[in-house]
Each structure stands twice: as structure tokens, then as C-alpha cells.
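Here's a quick briefing to read with the model open beside you. Take it topic by topic and click along as you go.

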Amino acid sequence: MNKKQKALETIELKLGKFPRGDKNSITDLMGVKVGHLSINKDILDPSGEKAVIRTGLTAVLPYPMEKEIRLFTGSLNLGGKNEVTGYEVMDDFCYLNSPIVITNCFNVGKAYNAILSYGFALKRTEIWPPLVIGVDDSYLDDMRKSHLDERDILETFLNASGGEVDQGSIGVGLGLRAFGWKGGIGAASRVFSLDKEKFTCGVLVASNHSNQKAMKKPEANFRSDDGEEDSLIMIIGVDAPLVPYQIKHITKSLVVSLPSTNLFKNSSDSMTCILFSTANPMCLENDGPFVFDFQMVDDSFLETVIQAAAEACHEALLNSLIKAAPVQGRLARRVETIPDHEINRLLEKFENQDLSDK
Amino acid sequence: MKRRNFIKRTLLGFSILPSEALIENTPGRPYTKSLFTDSSQKRLREIGIKIGNLQPGPYNAITDVEGVKVGHTTIIKGGGEKAVRTGVTVIIPHGGNIYEENVFASFFNLNGWGEMTGISSIENTGRLETPVFLTGTYNVGIVYDAAVKYLARISPKMGDSDRMVAPVVAECFDDFLSDTRSRQISEKDVFRAIEKARGGAVAEGAVGGGTGMTSFGFKGGIGTSSRRVNDKYKVGVLVMANTASRNQLRIDGVPVGKEIKGFQEKSGKTKSIILIAATDAPLLPYQLKKIAKRVALGLAQTGAISQTGSGDIILAFSTANKISRKKRVSFHNIKAINDFEITPFYQATVEATQEAIINALTSAQTTVGRDGNTAYGIPLDQVEQIMKKYMRIGIRSHE
């Protein structure tokens, strides 16, 4: 624990100029809640075979879900190895009005259906389209046999909290690994000011990437024949007033400017980045007004937003590694927490944008 | 016999034009009247054909969107191998200084075999900062250069303390009628189009950038139309049509292209269409992208299929939210139509696009160009007969 704290302090020194939010998490945004569902058990499937389940689900509720609200949203998908439902609406209509759920890719349908059930139970006229992101946790998890229960998912939504976010091997993070080490859920936040007004940018990542090429190291748990698809998921919330073209611009700039994503350039990893602004909620009770009034930050401030988001994403990614407890998974595979010297090595790599293994 | 008379008549009409003709807009004319009252060519509504259900604005033109101005410079020089039939059309998005006060915009690349400069800025900043210029393919560099000079003149700080700007210049290939390689367009021509830009009625057909364009196997060029939405808003479309082949042509669903006899042009090549949609409804860039896509649906209703060789590029802008460069505010207050209420604007866009493309045809006079290549103005007497045969004139009433 001391070691970890030390590592965090080191990171703090290196991670930029913006102060953190109170909880250093996406929940620093007013109204945003996070819930985890972790399934960590060995079961016998109906055919009598043993199955090792190391999976789960992580839900980000971007606003109190009983409200009939849309938020401006944008996304960037690179690589395309993870399923993103609701993508078409996000791309074309640029909004979300559902929880954002990250789960393993075979449970996307379950989660999708659970979101609908949740919305109907809340008497929402529209919670469609559900936004579910599927990641591949088949290295540790018997994904083919791990089926989530809808009741558990609904409970996760109900129990989601706006407090500190549990990180590491929790929720969907239970079965994930990154850079050959245990990965999972990470969170961070930054406070920045635009024209003396204070705003917050909060991030939640699910790290499940760069296992194949980026960090070849004998002691890391590296295999090239496991058929796993690598991906990094970043959910970003901002309470500054942004409109869709600005959000798209930020996601693009962010993804290419992140030091950690530079590791992507030699790999087959994919990435999904979803950014929403809580500042321009479209209230759709009685279908809403004919014309909405919005605010929009001047484009000259976008740079600040991008920098703050980049710092938060970077730290969230590192948190996802540092805070992840080791997990023993299927086929007797064990993935360890990243050791301190490896964190430093990783940071160096980020800094130098150097991908070689020398 | 009839055909010969037609050619004689239209050629005569053509020959009285000066060697370098400048055709201007005359504000204040009612929309039903063609600006070429002495010619046989008319706007679609003048021969009694109404597209769709919505009412057009007072001029049935893109200029019905308040503040939008259109100007043409038409360049007609010489004949034979060196014949020049080209020009430039400019759309000025609002009454003020467009560089100082930007409007939201978006574009849709239906078939990318063409050029519209300034797009990367529009895609990333969501706004239009320059007038929109329409011209022949090889003129783009010259027009771009002139546009930069014009913008530098009206905005002394541009490129100095204020951001640079990439003007929007779009092209179609007018090679069939014009010696395009000679690039006989000058800065002055561009400035003159800007100076002559007016609201009100818009000259159509073989004018401005449309001078050398052919469309559906007939003479094409500039066409425009507009629609009212909810009595409050307007959607206007202006096209530079140089696309599609004759047998594809449909007017209000009627396969006119297949039915027309005679007037076969030598070349049936397809060479692009540029479509510009404007509205005074408050729409954000992502909504304008949807409008731009509906423009493509309007194009489809004319029978065009966006062939490989046709650069079909669409731009849509809204004049309702103006983002000022001078007034440096940290937080802009803007408006946007509720997505649930946007459908009538799609209807307006599709109808206006279809009518604009057909107006470009019906307004264009027969033009003889390079190497004697002839693009015939679509024979309106035949169009009228065909539309009657399919019971589109005089029988079906429109709301």
C-alpha cells in the first residue's frame, strides 16, 4: 500500500498543472454516478463443465436517470474491436440519454436489455438508445460462459453512487489486463477555469490494451496466442458548455495527444473515447421546446479543456494499473499488479514516446 | 424542322449577348418571372409545374433566406478551339462581414470526385467564415486567391492578429463548352461577382459559374429554389448543376429524359454538381449535416445517381446563430431547433433541391462552346407536353 501511494505521488509530480477534483474521479461532476457489478466465482455450467468467471459491468450514469434529459455527446472509435451500441445516434444526433455501460462483449445484449428495463421502470418515455460498450476479457474470464443477470445489472444502476469510485480489478475491470499487467477501471479528474469560471473534467477508463506488443517483458504475463482483442475505453464528462462539433474536436485532439495513446501506434489496439457535456442538458419533458437555448464556450478555450482532459485520462489510465489487485483466472492464468519499477518504465515510455523494448 | 427553328431561335438569343456578358440580379422581381423574359427558357413554376407541398419564399431562391446574396460574373469569349464559357458565382451568407461574424455550417461529401476548398475548417470548427464561390475546375486557384484578397481587404486583421481563413471554392468541370485549360478568369471577375451580389431574384441557367455547365444531357448551370417552413423559417438551395445523363432525368417523378425527342448533345459525360443549402432556422453543425444529407435525397429525386465521375459535394449553413470574432465573449448564447421538430426542414430541403436542379435546366439557354460543342437548352414545349401526358400540369393540385 505504501509502495502504491509512493507511486501515486511520483505520478502526481509528473501529471501536469491542473488541480484534481475532490474525489479525483468522474463523480466530481455534479449528478454523475458510477456503479460496479463484479462476478468473481468458479461455477459449473449446465453441461457440468467448470467455468472460471472473472467479469462484471461498470456503469456510468451521466445524470439522474429518472429525468427526461439528453446530453450532447461525441465519440471516437479507433480500431473498432469493441462493440459500441448507440453509436449511430451518438454520431448523427450527438446526444446520449442512457447510462454508459462497459461490460464484456458477450454480455452487451444483456446490458442493453437491462438499460431498457431500467428506463421503462423509471417511466422514462425514452431511454433509447442504450449505450453499451463491449470489451474482451477472455484472457482471464470464461467469457463464453459468463452471463450476467439482469436483476444484478438493475441493482448496479440503483446502487450507483456519486462518491469515490472503486478502481482496479472491479466491475468490468475484474478480467482486464493492460501492458501485460493487471488492468481495469481507473478514474481521475481535473479542475480548470475558463474566464474565471471553474469547471471540472472527470474521467473513467477501462484499460484492456497494449498486451500484445507494447510492453514485451519476460515477467509480464504475455502471450500472443490467446486470441484476445485489446482495447482502451475512456469515458469523459465535462461540465463546461460544449456543443457537438467542439466535443468531436476534443475527442480527436485528445486521443492523438495523449502520451499513453502513443503506445498505440505500433499495435493493433483499438480505442473508444466518449465525451459528454453536462452543461447543455436538453430537457425533453413534453417533447421539449421548439427551439433550445444553449451556451457554448468560445473555441479559444478548447485547448484548456483538451489539456485538462488529457491529464485526467493519463492519470486515470495509470490508476487503473496501480489500483488493480492481481487476479487468477481461467486456464490457471494469473495476472499480477504492475510493480513500481515497471510503472516508472511505463512513464518513461510515455514521456519518450518510445516503444522499443531496449 | 422544329428542331432547326429552335436552334435558330436560341442561337439568335445567344448571339445578341456581348462577347463578355455580365448578368446581374435585379432585385424586386416576383419569383414567377424569369430574368430572361425575352428567351424561351423559364423557371419550372412558370410552366405550371410545382414540386412538392411546401410554399416557396417570395423569390423562390436561396436569397429568400434573409441576408443571403448571390452574384455572378459570366465570361463568354470567342469561339472554336479557344471558346471560353465560364464564370464565377458567389454566395454571401449574410449582410455583414462573414469573416467577422461566422455562421454554423456543415458539409456532406456524397461523392468526393470534386473539390470544395475550406472544408477541413468547416468540419472542425463547425462554421463558415467566407463567402462560397462556385466556378470551373481549373479556376479554383485563381478564385481562391481572389477570395483571400477580398477577405484580407474587408478584414484588415485577418492573418495578422486574427486567424487565417480558408475560403470555400467549389468546382464543376466545364470542359465540354469551355477551353478550361486557358483559365480565363481574373481576380477582377471574382471581385465583380462579389460587388454585384444582391438579395432578391437570382439569375439562373448559363450564368456565373454555371456558364459552361451541362446537366442531364442539356444545358445546365445555376439553379435555385426555396421553401417556407412554419411561416417563420426558410430553406433555400442553390446548385451549380453539371451532372447526370439524359435518360436519368425525372421531373416530379416523370421520366422526362426518356420521353424527350431530339436535341441530343454530343457528350454525355457527367461532371459534378455542387449544392449549397441555406436556412435562417437556428441549427447546429450536426443538424446542418443532416440537412446536407437531405440535399442528397433531393438530388436523387431528379434521377441523378452520383456516378463515379461526378463530384457531388454539399454544403449547408444556418444564418441564425452568428459567432462574432470581434466581440470576444467567453460563453456564446446560441439557439438550436429541437431535433423532434426538424423534419419539416428536411421536407423543405428535399423539395427545394429538386426544384433548384430542374430550374438550372429549364432556365438555361442553348450554348455553343468550345469546338462548336453545343448544349441544348431543354425544350420546354416538350417538357410541358410530357408533364401534361403524365397529368402533372393542370390536373393535380398542390397545397
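Predicted model: local features only at pLDDT ≥ 70, side-chain atom pairs only at ≥ 80, totals over all residues.

Residues are numbered from 1 along each chain as its sequence is written, while chains are lettered from A and ligands numbered from 1 in the order in which they are written.

**The two chains**

- Chain A comes to seven helices and 17 strands; helices (H or I, at least four residues) and strands (E, at least two) are DSSP runs, numbered from the N terminus.
- Chain B has eight helices and 15 strands.
- Of chain A's 358 residues, 57% count as buried, where buried is 20 or more other C-beta atoms within 10 Å of a residue's own, exposed is 12 or fewer, and partly exposed is in between, with C-beta atoms placed from the backbone.
- For chain B, 58% of the 399 residues are buried.
- In chain A, 81% of the contacts between residues at least 6 apart in sequence join residues at least 24 apart; a contact here is two C-beta atoms, placed from the backbone, within 7 Å.
- Chain B also has a figure for this: residues 24 or more positions apart make up 81% of its contacts with a separation of 6 or more.

**Where A meets B**

- The contact draws on 23 residues from chain A and 20 residues from chain B.
- On chain A's side, the elements giving two or more residues are α5 (244–257) and β15 (291–297).
- β15(A) supplies the largest share of that side, seven residues.
- By type, chain A's side divides into 15 nonpolar, three polar and five charged residues (Ala, Val, Leu, Ile, Met, Phe, Trp, Tyr, Cys and Pro count as nonpolar, Asp, Glu, Lys and Arg as charged, and the others, Gly among them, as polar).
- Strands count as paired if DSSP finds at least two bridges between them.
- Within that pairing, M296(A) has H332(B) as its bridge partner.

**The nonpolar core**

- The largest nonpolar core holds 218 residues, and V203(A) and C313(A) touch the most other members. Such a core is a set of buried Ala, Val, Leu, Ile, Met, Phe, Trp, Tyr and Cys residues joined through C-beta atoms within 7 Å.
- Helix α6(A) (residues 302–322) gives the most to this core, with 11 residues.
- What does C313(A) touch, leaving aside its neighbours within four places in sequence? The list is V203(A), V205(A), M234(A), I236(A), L254(A) and L258(A).

**A hairpin in chain A**

- β1(A) (residues 33–44) and β2(A) (residues 50–61) run antiparallel, joined by 12 bridges.
- K33(A) sits opposite L61(A) in β2(A).
- Five residues lie between the hairpin's strands, and G48(A) takes a positive phi near 90 degrees.

**An open sheet in chain B**

- Six strands line up in the order β4-β3-β12-β11-β10-β9, with mixed pairing.
- β4 and β9 (221–229) are the edge strands, each pairing on one side only.
- β3(B) (residues 101–111) is mostly covered, with nine of its 11 residues buried.
- β3(B) pairs antiparallel with β12(B) (residues 312–324) over 10 bridges, and with β4(B) (residues 127–128) over two bridges, also antiparallel.
- F104(B) stands opposite S318(B) in β12(B) and opposite R127(B) in β4(B).
- At the β9(B) end, nine bridges tie that strand to β10(B) (residues 233–241) in the antiparallel sense, with G223(B) opposite V239(B).

**Two helices in chain B**

- α7(B) (residues 343–362) is largely enclosed by the rest of the structure, because 16 of its 20 residues are buried.
- In α8(B) (residues 380–389), the buried residues are V383(B), I386(B) and M387(B). They cover an arc of only 100 degrees around the axis, which puts them on the same side of α8(B); the arc is that of the directions from the helix axis to the C-beta atoms.
- The buried residues of α8(B) pack against α5 (256–259) of chain B.
- Exposed D381(B) and K389(B) are on the face turned away from the buried side of α8(B).
- After α8(B) comes M391(B), with a positive phi near 60 degrees.
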